[in-house]
Amino acid sequence: MSDAKENGLFLQDTMSRSKSKVFAEKEDLLRFYCCGPTVYGAAHIGNFRTFVAQDLFRRVTECNGLKTLHVRNLTDVDDKTIRGSIKAGQGLKKFTDHWKDRFHNDCSALGLLKPHVEPSAVAHIAQQIQLVENLLKLGHAYTSEDGSVYFRISSFGEYGKLSKLKSRDLSTGASRRTTVDDEYSKESLGDFALWKGRRPEDGDNFWESPWGQGRPGWHLECSAMCREYLGDSFDLHSGGEDLVFPHHENEIAQSICSSGKPFARHWFHIAHLMVDGGKMSKSLGNMYTLDDLTNKGYAPEVVRYALLSGHYRQPLNFTFSSLEAARSAIGKLLQANNLLGGGDSPSYEDSLARGSSELGPFNASWEALLDDLNAPKALGALFSAIKKIDLAGLMGNEKDNLRSSFWFILNAFGICLPKVGAIKDPPTKIKVLAEKRLQARLAKNWADADKHREKLNEAGWLVRDVPSGFELIPK
RNA sequence: GGCGCGGUAGCCAAGUGGUAAGGCCGAGGACUGCAAAUCCUUUAUCGCGAGUUCGAUUCUCGCCCGCGCCUCCA
């Protein structure tokens with residue numbers, strides 16, 4: 001595939017199971033939707049793997065010259081948020097607002113670009129009701145005695161196309177997860193709730209609708225908000241791979257049956273993050289939040305790098321040694337930056353303005369990103385480029401060109417380097433320790449000097465000897 | 001049972017029909033305080049068997065192992 005010559009980003013499409021060029025159907029504005037988090041607790045790093053991959057997608061798209069309209073929702077009403085708020089003795093809004101804030105802080109720490117629109121389910125009840133009414137009117141949905149409304153999957157011939165699940169043998173219940181519950185109210189086991197009739201356990205979390213009090217089903221919000229902000233048809237839809245079925249399959253069914261028009265043109269799914277070779281789960285105690293990792297001394301930039309170090313279509317095995325590796329790798333990039341002149345780094349906007357032309361030795365890295373966001377290959381090419389360049393022997397303007405190319409790649413990745421020399425005051429305790437060490441060194445008391453250095457290390461600071469004394473670098 | 005993915009050096013992870021990027025760790029060297037930081041060098045025949053081929057890690061088939069989804073889930 002002559003990807004690079006075509007000058008576009010080629011990305012795997014889940015629907016066709018093949019790579020195709022990402023393009024904007026309208027006005028050079030790429031309109032895309034990402035399924036966001038359910039705000040009932042702190043997002044874990046598995047969630048963030050998906051959001052980081054989507055961020056990489058957006059950066060590469062924009063660096064390649066396309067403007068974007070990025071919509072990512074917040075699910076603030078569902079079983080978990082309702083249960084959580086009741087348990088916490090808070091109103092749903094207060095409860096979810098708290099976790100929304102937390103999510104935003106984490107996103108910012110990880111260097112994620114803010115979506116242009118971040119709609120929440122609760123703020124779009126009317127649009128969801130309208131969608132249900134339309135589906136009822138067109139005969140794709142039916143009401144049940146308990147005030148719920150279900151989508152009839154048999155009325156959508158293409159149901160199962162995305163996940164390649166055809167006739168689902170539900171009678172065997174092979175997964176043994178099919179429960180009887182309220183299934184009697186559905187015509188078919190595969191039908192799913194568009195609207196859930198009010199139940200006692202929902203507390204006061206219900207809304208009025210033409211079918212009585214209740215709340216929207218989970219799949220409905222995305223369909224409604226896609227339509228609200230991107231229209232019936234748009235360029236790309238993304239989420240974690242577990243959403244392929246049933247969530248995205250159901251969104252497709254709802255949206256297409258309601259509008260009669262195509263839905264998303266391109267489907268972008270991100271594989272899961274594994275921890276120590278297995279699935280993350282609370283019971284195994286291997287489910288980490290960003291805070292868990294920063295508390296262990298790993299900067300968010302390091303976490304981001306680690307999350308980018310595997311290809312998005314491959315499960316990524318997350319371990320603490322992968323964080324150590326990420327930290328060291330960033331240190332290496334920092335050295336390269338220093339050799340290229342250091343100083344203020346070009347911003348993301350600077351890199352957008354620069355564009356992707358004449359990247360010199362860094363071109364291979366850029367091309368790897370354009371070929372299905374091959375981040376590991378791109379990182380490999382980045383380090384190879386650094387190694388090849390005779391940084392010390394460069395003339396001034398050559399250095400400037402290389403520097404802007406280097407930063408074009410880093411900004412496309414969203415990789416941040418710690419700012420050596422511009423570090424805000426380290427804690428006094430740390431400075432005192434470093435000063436003690438310097439005095440010990442000057443007195444040639446190596447044993448004490450090393451003892452102090454070790455203490456600094458344990459506190460998360462690297463001390464480096466320079467002619468003027470020392471530099472402190474957070475690890 | 002259905003659908004799908006993967007098995008590459010101590011760890012992580014790309015890749016190609018012609019004998020394998022990169023990062024981490026380890027080792028050796030330079031520098032140094034026989035230190036740290038930094039720099040240089042260095043570490044694999046690609047799960048098993050068969051087939052196709054002049055030649056396969058890369059294609060085909062079979063097997064073994066691991067993983068994900070099959071209506072909570074990024």
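Me: What makes glycine 278 the bridge partner of valine 275, and how are their strands E11 and E12 related?
Reply: In this predicted model, valine 275 has glycine 278, in strand E12, as its bridge partner. Strand E11 covers residues 273-275 and pairs with E12 in the antiparallel sense over two bridges. Two strands count as paired when there are at least two bridges between them, so E11 and E12 meet the criterion.

Me: Why are strand E12 and strand E13 called edge strands?
Reply: The open sheet holds three strands in the order E12-E11-E13, with mixed pairing. Strand E12 (278-279) and strand E13 (316-318) each pair on one side only, and they are the edge strands.

Me: How do you know that strand E14 and strand E15 are paired?
Reply: Six bridges join E14 (residues 461-466) to E15 (residues 469-474). The cut-off is at least two bridges, therefore the two strands count as a pair. They run antiparallel, and a hairpin of two residues connects them. One of the bridges links aspartate 465 with phenylalanine 470 in E15.

Me: What makes the approach of aspartate 465 to RNA strand B a polar contact?
Reply: An N or O atom in the side chain of aspartate 465 lies 2.4 Å from a base nitrogen of RNA strand B. The limit for such a pair is within 3.5 Å, so this one qualifies.

Me: Why is glutamine 128 called buried?
Reply: Its relative accessibility is 0%. Buried means under 20%, so glutamine 128 falls in that class. Glutamine 128 is in helix H5 (residues 125-137). Leaving out residues up to four places away in sequence, glutamine 128 touches Ala121, Pro216, Gly217, Leu220, Glu221 and Ala224.

Me: Why is glutamate 27 called exposed?
Reply: Glutamate 27 has a relative accessible area of 71%. The threshold for exposed is over 50%, and therefore the label applies. Glutamate 27 is found in the loop between strand E2 (18-21) and strand E3 (29-34).

Me: How do you know that lysine 444 is also exposed?
Reply: Lysine 444 has 61% relative accessibility, which is over 50%, so it counts as exposed. Lysine 444 lies in the loop between helix H15 (428-442) and helix H16 (446-458).

Me: What makes the phi angles of glutamate 27 and lysine 444 worth noting?
Reply: Most residues other than glycine have a negative phi. Glutamate 27, however, has a phi near 50°, and lysine 444 has a positive phi of about 55°.

Me: How far apart are phenylalanine 383 and phenylalanine 362 in sequence and in space?
Reply: They are 21 residues apart in sequence, and their C-alpha atoms are 9.3 Å apart. Phenylalanine 383 lies in helix H13 (residues 375-388). Apart from neighbours within four places in sequence, phenylalanine 383 is in contact with Tyr305, Ala329, Lys332 and Leu333.

Me: Where do the domains of chain A lie?
Reply: The domain assignment gives domain 1 (9-270), domain 2 (285-413) and domain 3 (428-474). The C-alpha centres of domain 2 and domain 3 are 29 Å apart.

Terms used
Residues numbered from 1 in each chain as written. Chains lettered and ligands numbered in written order. Predicted model: local features only at pLDDT ≥ 70, side-chain atom pairs only at ≥ 80, totals over all residues. Heavy atoms only, no water. Polar contact = N/O pair within 3.5 Å; in protein donor to acceptor, adjacent residues only side chain to side chain. Helix = DSSP H or I, 4+ residues; strand = E, 2+ residues; numbered from the N terminus. Buried < 20%, exposed > 50% of the residue type's maximum accessible area, 1.4 Å probe, protein only. Domains from an automatic or database assignment. Contact = heavy atoms within 4.5 Å.
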